[in-house]
Amino acid sequence: MPPSHPSDDDRVTEEAADWCLRLQAEEVSDADRAAFERWCREDPRHLEEFDAMRELWGLSAGLRPRVTAPPAAMLTPAAVVAAARPAPVRGRAANTGAVRTPRRQRRWALAACVAAALAVGWPVGWSFGVLPGTVDVFLGGDRHRVVGLPDGSTVDLNVRTTLFYAQFRDRRSVLMDHGEAYLAVASDAARPFTVFTAAHQVRVTGTKFNVWANDGELVVTLAEGAVTVSAAAAAGEEPLRLTPGQQGRFARDSRFGSVARVDPTRVLSWRDGKLVFDDITLADAVPLLNPYLSQPLRLADRRVGAMRIGGVYDVADLDRVVASLPRVLPVTLVAKDGVLLLSAR
């Protein structure tokens, strides 16, 4: 299940994350710096989002240090931000005012700026298990892709999904606030593997599972092995434990999840370019359809959201499927303000 259609702000955030990493790479070139300056000039939001990421790099639960007092030799957040700051962009002054940053963007900000600190003083932090030795970002696009992680794990990224990976001395962390991924985790009992989303975490040592996260909601489907799933708001309480063929589901802002038996092959059909709807409501179907559409769908009210849909659909053909909805359901479809508004007749 992929995320809902991303906003333009999400695109700006992902591009800023990419620049945070590229500007700290050892092989960064003058051409890269010139391209960064051009990107900053294209839109006033670009440099604002880039600055916000660096300032917020220490706010994540996903990469939180495991010690309360870091070693004296470790850089402070302020020092990291100063070291990571690129040369001022010629022809415009940096905006020093407050930047409104949604929770999902704050998570991207953290991961990008932790990566930006890699070039400075890293061995000390890594030896204490506080800082990761490797940070990678995988930016999603308009098609499904498979990527390899440094630990030997593989990840299938669904469309419009961005994933950050951090490899510590004693653990492995993935940050994925919004999107869908199928993870085949390399077994390593000495370094547990945890996926952090906006309000939850999934913990494993070696297993295969699917994660779907969308605006605070979470669905985890287990294909092999075992996982535990917990909500950040329920710290210290017993986590949800899944066995193969089970699906754990957390609603937005929920402390406790529910478990159901499912067919993992149907859930994972997106990897083969298919969406399988087993008589589900339009309210459940729309977030799954939107990433693939040229214009996102929006439901007018709960009445239309309660209507049901079923079938197996090719993801490359979903625009046509949506256009045909008024012929198979008592609905109307109207283009309005950049979205397709679906209303009951």
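R171 and D170 are both buried, where buried means under 20% relative accessible area, exposed means over 50%, and partly exposed covers what lies in between, with a 1.4 Å probe and protein chains only. The two side chains meet in a salt bridge, at 3.0 Å from N to O. By salt bridge I mean a side-chain nitrogen of Lys or Arg within 4 Å of a carboxyl oxygen of Asp or Glu.

Before going on, the conventions. This is a predicted model, in which local features need pLDDT of at least 70 and side-chain atom pairs count only at pLDDT 80 or more, while totals for chains, interfaces and linings use all residues. Residues are numbered from 1 along each chain as its sequence is written, and side-chain values use heavy atoms, with hydrogens and water left out.

Back to R171. What does R171 lie over? R171 sits over the face of F168, 3.7 Å from the ring centre. The criterion for a charge over a ring is NZ of Lys or CZ of Arg within 6 Å of the ring centre and within 35 degrees of the ring normal. F168 belongs to the loop between β4 and β5 (172-175), and at 1% relative accessibility F168 counts as buried. The C-alpha atom of F168 is 8.1 Å from that of R191, and these two residues are 23 apart along the chain.

Next, the other salt bridges. The structure holds 13 of them. Side chains of opposite charge can pair when their charged atoms come close.

One of the bridges joins D314 to K274, at 3.7 Å from N to O. This pair links distant parts of the chain, with D314 in strand β17 (residues 308-314) and K274 in strand β15 (residues 274-281), 40 residues apart. Strands here are DSSP runs of E with at least two residues, helices are runs of H or I with at least four, and both are numbered from the N terminus. D314 is partly exposed, with a relative accessible area of 35%; K274 is also partly exposed, at 34%.

Another bridge pairs R160 with D142, the closest N and O atoms being 3.5 Å apart. R160 is in the loop between β3 (154-157) and β4 (163-167) and D142 is in the loop between β1 (134-138) and β2 (145-148), so the pair ties together parts 18 residues apart in sequence. R160 is partly exposed, with a relative accessible area of 21%, whereas D142 is exposed, at 68%.

Now two helices. Why is α8 (residues 282-289) described as largely enclosed by the rest of the structure? Six of its eight residues are buried: L282, A285, V286, P287, L288 and L289.

Helix α2 (residues 30-42) has 13 residues and should span 18 Å at 1.5 Å a residue, the expected span being 1.5 Å times one less than the number of residues. The end C-alpha atoms of α2 are 19 Å apart, which agrees. The buried residues in α2 include A35, F36, E37, W39 and C40.

Last, the totals. The chain has 11 helices and 19 strands. Of its 345 residues, 50% count as buried. The chain exposes about 16,200 Å², with carbon and sulfur atoms supplying 52% of that; the areas come from the Shrake-Rupley method with a 1.4 Å probe, and for residues only the protein chains shown count as cover. Taking a contact as heavy atoms within 4.5 Å, residues 24 or more positions apart account for 57% of the contacts with a separation of 6 or more.
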